[in-house]
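I opened this notebook to record what I looked up in one protein model.

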Amino acid sequence: MNSPVRPRCLILRYDSPRELTLVVVLLPRFPCGSSSPELSYLDPRSSSSNSARLDRLSLRDGPFSLASRDDAMNEYWSDPLLQFLGLLVLRGAAKLVLPDSSLGRLLLNVVFFSALTGLLLYHGIPPYLREYEPVSFAERISNGALKTIWWFGGAMVMASSVRMFLIFERKPREGRLLQDLVVALIYLTAALCVVAYVFSLPVGTIIATSGVFAIVLGLALQSTLNDVFSGIALNLGRPLSVGDWVMLEDNVQGRVLETNWRSTQLLSGNNDLIVVPNSLLAKSRITNQSGPDLSHGASLKVRMAPTRPPGAILDAMEQVLLSSNSILKTSSPSASILNIDRDSIEIELSFRVADIGRVSNARNELFDLVYRHVEAAGLQFSRAVGAVHVEVEPSAIDRSPKRATTPMRLMNSIPLFTGLTDEEKEDLAANMNRLTFRKEDVIAHRDTALTSLMIIRSGVVAIEENDGSRNMELGRLAPGDFFGERGVLLGALELADVRALTPVVIYEIPKGRLAAILRERPTIADELALLLSTRTQAEEALHQAGTLQPQVHSNALSMRIKQFFRLS
């Protein structure tokens, strides 16, 4: 029998007095007679000596190849595991240089996965095939590690693609549960592929064996799984989305914040967090107040005293809806009589707003407009249900103070003039001129300067801009509002047409009389400047469709008004 086989033989080559090279001779089958590899010193200066010494290393089993220093280095750097480590270093450096964003991470993962795929195929290690050729234990470990990294790297790319799709759809939180399910399925598939193509194990047998464990786990987590599958059903059916206002049974309502594996979170109007289990949500009745679009309908009820015919009261309530700036005009708001008796006429005002969050502001504005239109039309509110009615003796009525005139009542209803004394208000009311306009009349044209402050007594007025190609409404005015302050205070031109939507009664204060009031009360100029600044900004915002405009500060307007009237 042959002696034991040793894998390699070591030779020390003498190149110079200062250089001694260790050369590895690769021997596929080397039976050595001694217990240690043979060592020989080669003298490069003597070719005959070298040849003689190499002859002594000849093998009985066949020739051998002597690897040079360059070949050994090439073989070292061509190791796939070493090249993979270099690829990891490049990926880490690119991650530090590139900006931290979802799209950047996705592109980096795609490039890394493509480079790893090319590396494995170049070295003849297809990750999607089993190892059939016999290889050493070290190669088997390194190839298995590279294949495992390849499969999970591909899963990482697919998971990043799913997340990027939800970001591009602008719904990263709506699809949170669906995203988690898809990502979990991707990684589970990658793990099964590793078991099949790296460890060469039968996947079907493993799945069948784990079925018993899955049954036991399912029975133990029955309640949790009920919530999970209910969440899946809610995500597939999509009766609600993040940001929707929903109402559940027992008057539970709020805005949807997030739907996760086990529950759905709502934010109530009181800023309280409501957590509803998905199983309970799937069984309850859901009223989505944000569907099918964001607009939301609302209503309010008003009780009026039957001092005027119902038709006249309805006309006043329709003017209330017509003069509102907070409700949608496209969906025709309406006023309808719900009930009538000897004590009251109950009227319901129905309207729609652009978003459910604007309902409160719209209600506040409508209540204010109801009061102003009721005062302008001479109507009265009915007494509350169950209120006690007290009869007043005629003598007490005769001794009651005389009812104020219409201009005086108008002055009292405007907050701008609340700082004036009764004598100043009466003097100003005595100098007012009463003007009437029919429906669709243009009260003031664009690019004209008004010389009087116009106060609306009754009716509805629209501020409209018409440039020939389109007609844009900037706002609507109701009883108690006024316009023309731009021309009176600054001598500037009107930015839009002022048109009567209904029959309108207007009282005007001449510029000269207003100047006398401003000289006596300079603080009114500051209030007018603030009002003009607010109105100008609102008009510019509407005109420019939400683009940012340079703001007109009230302090600058106040100085211009005082300079215009020579108040300082």
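The entries below follow the order in which I looked things up.

**Basis.** I worked from a predicted model, in which local features need pLDDT of at least 70, side-chain atom pairs count only at pLDDT 80 or more, and totals for chains, interfaces and linings use all residues. I number residues from 1 along each chain as its sequence is written, and side-chain values use heavy atoms, with hydrogens and water left out.

**Confidence.** I first looked up pLDDT, the predictor's confidence in each residue, from 0 to 100. The protein averages 75, and 72% of the residues score at least 70. Residues 1–68 have a pLDDT below 50, yet this stretch has 86 contacts in the model beyond near neighbours in sequence; a contact means heavy atoms within 4.5 Å. I noted that pLDDT also stays under 50 over residues 396–400, where the model has one contact beyond four places in sequence.

**Overall make-up.** I found 18 helices and 20 strands in the protein. These are DSSP runs numbered from the N terminus, helices being H or I of at least four residues and strands E of at least two. Of the 568 residues, 35% are buried; the classes are buried under 20% relative accessible area, exposed over 50%, and partly exposed in between, with a 1.4 Å probe and protein chains only. Among contacts with a separation of 6 or more, 68% join residues 24 or more positions apart.

**Helices 3 and 4.** At what angle do helix 3 and helix 4 pack? Helix 3 (residues 80–97) and helix 4 (residues 102–122) pack at about 170 degrees, with axes 11 Å apart. I therefore recorded helix 3 as roughly antiparallel to helix 4. Axes are lines fitted to C-alpha atoms, for helices over the stretch in contact, and angles run from 0 to 180 degrees between N-to-C directions. Angles under 35 degrees count as roughly parallel, over 145 as roughly antiparallel, 65 to 115 as roughly perpendicular and the rest as oblique. Helix 3 contributes P80, Q83, F84, L87, L88, R91, A94 and K95 to the contact, and helix 4 contributes L108, N109, F112, A115, L116 and L119. I sorted these residues into 10 nonpolar, two polar and two charged. Here Ala, Val, Leu, Ile, Met, Phe, Trp, Tyr, Cys and Pro count as nonpolar, Asp, Glu, Lys and Arg as charged, and the others, Gly among them, as polar.

**Helices 13 and 14.** Helix 13 (residues 406–413) packs with helix 14 (residues 422–430) at about 125 degrees, with axes 9 Å apart. Helix 13 and helix 14 are therefore oblique to each other. The contact joins P407, M408, M411 and N412 of helix 13 to D422, K425, E426, L428 and A429 of helix 14. It divides into five nonpolar, one polar and three charged residues.

**Positive phi.** Most residues other than glycine have a negative phi, and most peptide bonds are trans. I noted a positive phi near 65 degrees at D250, in the loop between strand 5 (245–247) and strand 6 (253–259). D250 counts as exposed because its relative accessibility is 77%. E440 has a positive phi near 75 degrees and lies in the loop between strand 13 (433–437) and strand 14 (442–444). E440 is partly exposed, at 43% relative accessible area.

Beyond four places in sequence, N143 is in contact with I125 and E131. L314 belongs to helix 10 (residues 310–322). Leaving aside neighbours within four places in sequence, L314 contacts A335, S336, I337 and I347. I also looked up L314 and S334, 20 residues apart along the chain, whose C-alpha atoms are separated by 9.7 Å.
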